[in-house]
Amino acid sequence: MSGIDRRRFIVLSGLAGLGAWMRSASVLAVETDAQALSPRNLLRSPRFAQTPFTLGVASGDPAPDGVVLWTRLATEPLEFGGGMPAQPIVVNWELADDEAFGRVLRRGSALAHPELGHSVHVELEGLAPGRPYWYRFNVAGYATVIARTCTLPGEDADLERVRFAVAGCQQYEEGYYTAWRRIAEEPLDFVFHYGDYIYEGAANTSPHRKVNGQPFVNLRNHVGPQIYTLDDYRRRYAQYKTDADLQAAHAAMPWFVTFDDHEVDNNWAAGEDQDGTPSAVFLLRRAQAFQAYYENMPLRRSAFPRNGHLQLYRRARLGRLMDLHLLDTRQYRSKQVDMRNREEVQSPARSITGAAQERWLFDGLADATPRWQVVAHQVSLGNYAREKGDAVVTSDDQWSGYLASRRRLLEHIQQVGFKNVVTVCGDAHRHYAGDLVQDNADSGVISSEFLATSISSGADGLGIDAEARSTLAHSPYLKATTDRRGYVVCSVDRDSCIGDMKILDRVMVPDGKLESFARFAIEHGNPGLQQA
Ligand SMILES: [Fe+2]
């Protein structure tokens with residue numbers, strides 16, 4: 001034990017309940033900043049009538065040398081304040097070599113601050129690359145489940161394969177999270193969550209409610225009205241996080257998360273909502289939504305919200321096999337425009353990424369080191385059209401509403417010329433697999449995209465319905481689409497990237513049947529989807 005560790009140990013062991021914990025088992029390292037853990041307002045001997053670990057655990061943003069471990073305390077998850085005393089509380093964590101917790105490698109403590117909704121983010125460093133670890137938290141005699149995470153391989157590692165799930169859009173009222181349960185059971189390296197982790201609306205309990213044109217009764221209801229305040233957002237996350245299937249997927253592997261619109265408000269764009277709320281007022285709501293997002297996600301300190309800003313776009317390198325570029329296409333985007341105004345839709349003055357993020361992305365895509373470049377983002381680059389009334393329409397909220405951004409990105413990919421870019425996203429509540437071409441179509445196929453359907457948003461779905469047929473008819477580069485719930489599993493090796501589009505037959509009943517809707521492969525150096 002180093003001098004610093006000894007000092008921390010001595011101070012900490014004076015805290016009630018920690019002595020026995022420190023004496024048990026052999027511990028290779030203790031990571032605790034005793035001074036930071038002893039604020040004057042500390043609740044020294046917390047007592048809970050029931051477990052405060054109702055929201056599960058999570059890990060995220062893995063790197064070759066570490067990962068973030070997360071939990072959040074709430075004895076009463078559906079109450080404002082989560083049933084927690086308004087004082088900081090010391091939460092203990094342990095990291096083990098094996099699932100049975102036979103050999104504890106690290107042990108430490110962290111503060112659950114009331115200012116942060118009693119969330120805990122432990123940012124581990126100094127771990128070995130490319131291996132699994134198991135972890136758990138405990139406080140006041142209560143412990144979490146033992147959860148699994150893993151570090152990324154070293155940046156020079158010659159990886160054979162990476163497998164990850166692309167998933168999101170988990171409207172709580174519209175279906176069971178069976179897809180999360182199935183993801184938890186898959187042999188995956190990580191989950192990419194593209195956003196819509198929560199939805200902001202009040203429960204829609206109208207007897208006239210319809211989904212897919214059919215009368216619809218919610219499977220379960222959002223608690224409370226539309227969410228605006230930090231307390232509202234915290235409670236909404238808490239409600240979603242009580243779901244056992246969602247908890248299982250978090251406990252099974254690390255996640256890379258980004259947000260889309262519903263973590264704040266439907267179709268928000270930078271400093272504006274779609275309701276005409278004054279920007280200065282909306283930005284107050286956005287700041288509270290960002291704080292709640294940080295509190296509830298396994299994010300690094302680099303994403304700690306500051307002055308109403310949250311740094312979410314970032315990169316991960318998986319050996320020499322692939323770079324993962326995680327985008328934020330909400331915080332810096334220009335406002336949506338009327339799609340009939342083609343000049344505005346195509347205006348180079350408008351952007352979906354903002355200039356700084358675009359430069360950062362272009363730099364990353366020009367790096368020759370990784371075999372594959374995976375752009376993990378929110379909304380479709382596919383530019384899919386369909387009939388709506390008498391018109392053929394594309395979306396104002398996707399890259400189709402920001403055609404100059406789209407054109408610049410595809411041009412850049414083409415100019416760099418590695419022919420190794422795959423994009424993955426969601427938002428549309430349907431699966432789409434398609435090739436990416438310039439909108440004048442004379443570019444040839446530049447890249448391909450797997451757009452993952454929702455976990456639950458949209459309820460059971462209609463399969464290949466009128467909208468799917470219309471979109472296929474008006475979108476020559478779209479290879480497959482369906483209105484079902486599920487997720488995409490991407491399997492990347494040296495030669496190919498295979499996307500398996502998985503669907504559930506039902507989500508309004510438990511344990512829907514999972515099957516593969518379609519599988520496409522992209523060959524390295526030869527852009528375009530091929531049936532696999
Ligand atoms: Fe969604």
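Mentor: Asp 460 is buried, because its relative accessible area is 16% and the cut-off for buried is under 20%. Please keep in mind that this is a predicted model.

Trainee: Where does Asp 460 lie?

Mentor: Asp 460 is in the loop between β22 (447-451) and α10 (466-474).

Trainee: With what does the side chain of Asp 460 make a polar contact?

Mentor: The partner is the side chain of Arg 506, at 2.6 Å. A polar atom of the Asp 460 side chain also lies 2.6 Å from the backbone nitrogen of Val 507. If neighbours within four places in sequence are set aside, the residues in contact with Asp 460 are Asp 483, Arg 484, Arg 485, Asp 505, Arg 506, Val 507 and Met 508.

Trainee: Asp 483 and Arg 485 are on that list. Which residues are linked with them in a network of salt bridges?

Mentor: The general idea is that side chains of opposite charge can pair when their charged atoms come close. In this model, Asp 483 and Arg 485 belong to a salt-bridge network that also includes Arg 386, Arg 430, Asp 465 and Glu 467.

Trainee: How many salt bridges does the rule count?

Mentor: The count comes to 32. One of them joins the side chains of Glu 94 and Arg 107, at 2.4 Å from N to O. Glu 94 is in strand β4 (residues 89-96) and Arg 107 is in strand β5 (residues 104-112), and the two are 13 residues apart. Both Glu 94 and Arg 107 are buried.

Trainee: How far apart in sequence are Asp 260 and Arg 330?

Mentor: Asp 260 and Arg 330 form a salt bridge, with their closest N and O atoms 2.8 Å apart. Asp 260 is in the loop between β14 and α6, while Arg 330 is in the loop between β16 (322-326) and α7 (342-345), so the bridge ties together parts that are 70 residues apart in sequence. Asp 260 counts as buried because its relative accessibility is 1%, and Arg 330 counts as buried because its value is 0%.

Trainee: Let us turn to helices. Is α5 mostly covered or mostly exposed?

Mentor: As a general idea, an α-helix has 3.6 residues a turn, so residues three or four places apart point the same way. Helix α5 (residues 244-252) is mostly covered, with 7 of its 9 residues buried. The buried residues are Asp 245, Leu 246, Ala 248, Ala 249, His 250, Ala 251 and Ala 252. They pack against β2, β7 (132-139), β9, α3 (178-185), α4 (230-241) and β14 (255-257).

Trainee: Which residue caps the N-terminal end of α5?

Mentor: The cap is Asp 243, whose side-chain oxygen lies 2.9 Å from the backbone nitrogen of Asp 245.

Trainee: Into which domains is the protein divided?

Mentor: Domain 1 covers 3-149 and domain 2 covers 162-531. About 2700 Å² is buried between the two domains, 52% of it on carbon and sulfur atoms. In domain 1, the residues that lose the most area to domain 2 are Asp 61, Phe 80 and Glu 123, together 24% of what that side buries.

Trainee: How many salt bridges does the rule find across this interface?

Mentor: The rule finds 4. Asp 61 forms a salt bridge with Arg 314, at 3.0 Å from N to O. Glu 123 forms one with Arg 300, at 3.1 Å; Glu 123 is in strand β6 and Arg 300 is in the loop between α6 and β15 (314-318), 177 residues apart. Arg 300 counts as buried because its relative accessibility is 17%, and Glu 123 is buried because its relative accessible area is 19%.

Definitions and conventions. Residues numbered from 1 in each chain as written. Predicted model: local features only at pLDDT ≥ 70, side-chain atom pairs only at ≥ 80, totals over all residues. Heavy atoms only, no water. Domains from an automatic or database assignment. Buried area = accessible area lost by both parts, 1.4 Å probe. Buried < 20%, exposed > 50% of the residue type's maximum accessible area, 1.4 Å probe, protein only. Helix = DSSP H or I, 4+ residues; strand = E, 2+ residues; numbered from the N terminus. Contact = heavy atoms within 4.5 Å. Polar contact = N/O pair within 3.5 Å; in protein donor to acceptor, adjacent residues only side chain to side chain.
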